[in-house]
Amino acid sequence: TFVFFSLMDQYFGRMRSLMNNKDLPARIRFLLQDTVELRENNWVPRKAFIDNGPKTINQIRQDAVKDLGVFIPPMNQGMRMDFFLEGPFMPNRMKLDRETLGGLADMFGQMPGSGIGTGPGVIQDRFSPTLGRHRTNPLFNGHSGHMASQPQSQFDLGMKPFIKSNQGQNQHFHNQNQNHSNQQQAQSKDMPPRFKKGQLNADEISLRPAQSFLMNKNQVPKLQPQIPTMIPPSAQPPRTQTPPLGQPPQLGLKTNPPLIQEKPQKTTKKPAPSKEELLKMTENIVTEYLNSKNMEQAVSGVKEMKAPKHFLPEMLSKIILCSLERTDEDREQASTLIHTLRTEGFITGENFMQALLNVLDQCPKIEVDIPLVKSYLAQFAARAVIAELVSVAELAHPLENGNHFPLFLLCLQQASKLKDREWLTDLFQQSKVNMQKMLPEIDQNKDRMLEILEGKGLNFLFPLLKLEKELLKQIKADPSPQAIYKWIKDNISPKLHTDKGFINILVTSFLQYIFAELGVNEGDEQLASPSKEQLDQEKQLLLSFKPVLQKFLHDHTDLQVSALYALQVHCNANAFPKGMLLRYFVNLYDMEIIEEECFLAWKEDISQEFPGKGKALFQVNQWLTWLETAEEEESEEEAD
C-alpha cells in the first residue's frame with residue numbers, strides 16, 4: 001500500500017508539472033488540472049458533474065442567466081434555422097457551418113450569422129442574438145414594435161419576399177415573444193436575488209470592453225482583430241440613460257471589471273554556494289591570511305562566507321590541511337586563526353574535534369608526503385587545550401583504547417613543551433583521564449604504561465608510579481627513617497605529600513618490607529599463628545617507621561583513614577591471616593600513629609573502592625566497639 005501511494009504521488013507530481021507547462025494546449029492542461037483537483041477533493045466530482053441527466057432548454061437558459069448574466073430569448077418552432085443558414089439568397093460570407101456549431105445552436109437558440117459569442121474581436125451581424133452594435137434585427141432586439149427604419153441593403157431587398165410570405169408567421173412569433181417576456185417579468189418577481197442578476201437592463205449592458213480589460217496597459221494583443229467602430233463616440237448614449245429606440249442595447253456589465261495589476265517580478269535569491277565553492281573560498285582565505293598575517297581580513301572573509309553549521313568542521317579541516325606543508329610559524333598562525341574564530345563565536349570545540357578527526361582519517365594518505373603529520377596535528381590539539389578550546393578529557397575520549405595511537409601522548413608532549421610540566425600535571429590530574437585506557441589493549445597494565453610514559457618523557461605525570469616502584473628498593477637499601485625521608489623529599493614533589501595515593505604507597509611499601517623481613521611466604525601457616533619472636537620483630541619494624549609515618553600523617557584525619565585502607569588491602573591480598581589486622585590496629589593505636597577517631601571514621605565509611613572491608617570489620621569489630629566505649633568513658637571523666 002505504501003508503494004502504491006508513493007507511485008501515485010509521483011504520477012500526480014508529474015501531472016502538476018505538466019499542468020503548469022505553457023507549451024501544452026490549454027485543453028490538455030485543464031484536463032490535468034481537473035484530475036489533480038478531483039484527487040485533492042477525495043475523488044468527489046464537482047457539482048457540475050453530479051447533476052446527471054439531461055436538462056431542458058429552460059434549465060439551460062436559467063443556468064446561463066445565473067452563471068453568465070446573459071438572457072437568451074426562447075426560439076419559436078415556426079422559425080427554421082436551416083432556411084436561414086442554407087437559403088439560396090444567403091451570401092456566402094454569412095453562411096455558417098452547422099457542424100462547427102455542434103449542439104450549441106440548438107441549446108442556446110442561436111440565430112443565423114452568429115457563431116462565436118461576444119467580446120473583443122468578435123464581428124457581429126444583424127442575425128446575431130447578442131445584437132451587435134452596428135447591425136440590428138427587429139425580430140430579436142426586444143423593441144420590434146418601436147424600431148426606427150434602417151437603410152435597406154441589397155440583402156434586405158432580397159429578404160422582403162420571404163418576410164412578406166411569412167408575415168403571419170412572424171406576427172405570431174412576435175406575439176408569442178411578448179407573452180414570454182411578460183411571463184419572465186412575472187416569474188422574476190418570485191425569483192431569488194441570485195437569479196435576478198442575469199436579467200440585465202439595456203443601460204447595464206455594453207459591448208465595449210472596459211479600459212482595464214486589456215492585459216498590458218493600453219497595448220492590444222497582436223492576435224486580437226481590430227474592430228472598426230461603426231457608431232461615432234458622440235452618437236453613443238450615456239450609460240446612465242436608456243438608449244434611444246432603434247439603437248441596440250450594449251451588452252456587458254455596467255461596472256468596470258477590476259484592474260489587472262501586474263505582479264512584481266520575484267527577485268530570485270542567489271543560490272547558496274556549493275561545498276566545492278566553500279572549500280575554495282576557505283583555501284583562498286587561509287592562503288591570503290598566511291601570506292599577509294591580517295587577522296581582521298581573514299575573520300571578515302569567514303563571516304562573508306556565511307557557511308552553514310554543518311560545513312564548519314570541513315572548513316576547519318581545510319585550514320589545518322592548508323598549513324601542514326608550511327612552516328611551524330604558519331601552523332601556529334593557523335591555530336591562532338582557529339582560536340580567534342572560536343572567540344568570535346563562529347565555531348565550537350566540538351567543530352574542532354570533528355575537524356581533527358577528519359584529518360586523522362586521512363593520515364595514511366597524507367603521511368606519504370608529510371611523514372610528521374601526526375606531530376603537526378598534535379601541535380594543533382595542544383594549542384587547542386592551552387587556549388581552552390577543548391579540555392583534556394574531550395581530547396582523550398575519541399582516542400581511547402589506542403585509537404590513532406600515539407597521538408594522545410604526542411599531544412601531551414607538545415603541551416608540555418608549549419607550557420610547563422607542573423601545569424600539565426595539574427591539568428591531567430583534574431581531567432581524571434585513565435591513562436591505561438589510552439593505550440592499546442595489549443599494553444593496558446601499570447608496568448607497560450610506565451615503560452611507555454618513560455619512553456615519551458611523560459613519566460612526570462605519574463610520580464606515584466615511580467614512587468611505588470622505587471620506594472621499596474630504597475627501603476631495602478637503607479631502612480633508616482632518615483634515609484627514607486630524605487629520598488622522598490628529593491624525589492617526590494611536596495604537593496604530593498598530602499595526596500592519598502602517596503600515603504597508600506608509603507604504607508604499602510612499609511608493610512611489604514615487614515612481611516618480607518619476617519621470612520613468611522604467602523599462604524604459610526605461620527601467618528595465622530606467628531611465633532613470639534615474629535610478633536616482636538613485626539612490632540619493632542613498625543616502630544622504626546613511626547617517625548616517617550607521623551611526619552606525613554599527623555593532624556591529617558583523611559590521610560590516616562587512607563593508611564588504614566592500605567592496611568586493609570594488604571591483608572586482603574594475603575587472604576586475611578587470622579589476627580593480623582587486629583594486631584596492626586592495636587600497634588598503630590598504641591604507637592599513636594593513628595588516632596582514635598580515625599579508626600571509628602574508617603568503620604563508618606561505606607566506600608567500596610577498596611576490597612575486603614567486610615572481612616576486615618569481622619576481625620576488628622569487637623575491638624572497635626571497645627575503643628568506642630573507652631572513648632565515651634574518657635569523655636565522661638573529662639566532663640566530671
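Colleague: In which hand does α14 pass α17 in their crossing?

Modeller: A crossing is right-handed if the near helix is turned clockwise from the far one by less than a right angle, and left-handed if anticlockwise. Here α14 passes α17 in a right-handed crossing. This is a predicted model, where local features need pLDDT of at least 70 and side-chain atom pairs pLDDT 80 or more, while totals for chains, interfaces and linings use all residues. Residues are numbered from 1 along each chain as its sequence is written, and side-chain values use heavy atoms, without hydrogens and water.

Colleague: At what angle do the axes of α14 and α17 cross?

Modeller: Axes are lines fitted to C-alpha atoms, for helices over the stretch in contact, with angles from 0 to 180 degrees between N-to-C directions. The axes of α14 (residues 328-343) and α17 (residues 373-386) cross at roughly 40° and come within 10 Å. The two helices are therefore oblique to each other (under 35 degrees is roughly parallel, over 145 roughly antiparallel, 65 to 115 roughly perpendicular, the rest oblique).

Colleague: How many helices and strands are in the chain?

Modeller: Helices (H or I, at least four residues) and strands (E, at least two) are DSSP runs, numbered from the N terminus. The chain has 30 helices and zero strands.

Colleague: Is serine 562 buried or exposed?

Modeller: Buried means under 20% relative accessible area, exposed over 50%, and partly exposed in between (1.4 Å probe, protein chains only). Serine 562 lies in helix α27 (residues 557-573) and counts as buried because its relative accessibility is 10%. Of the 640 residues of the chain, 37% count as buried.
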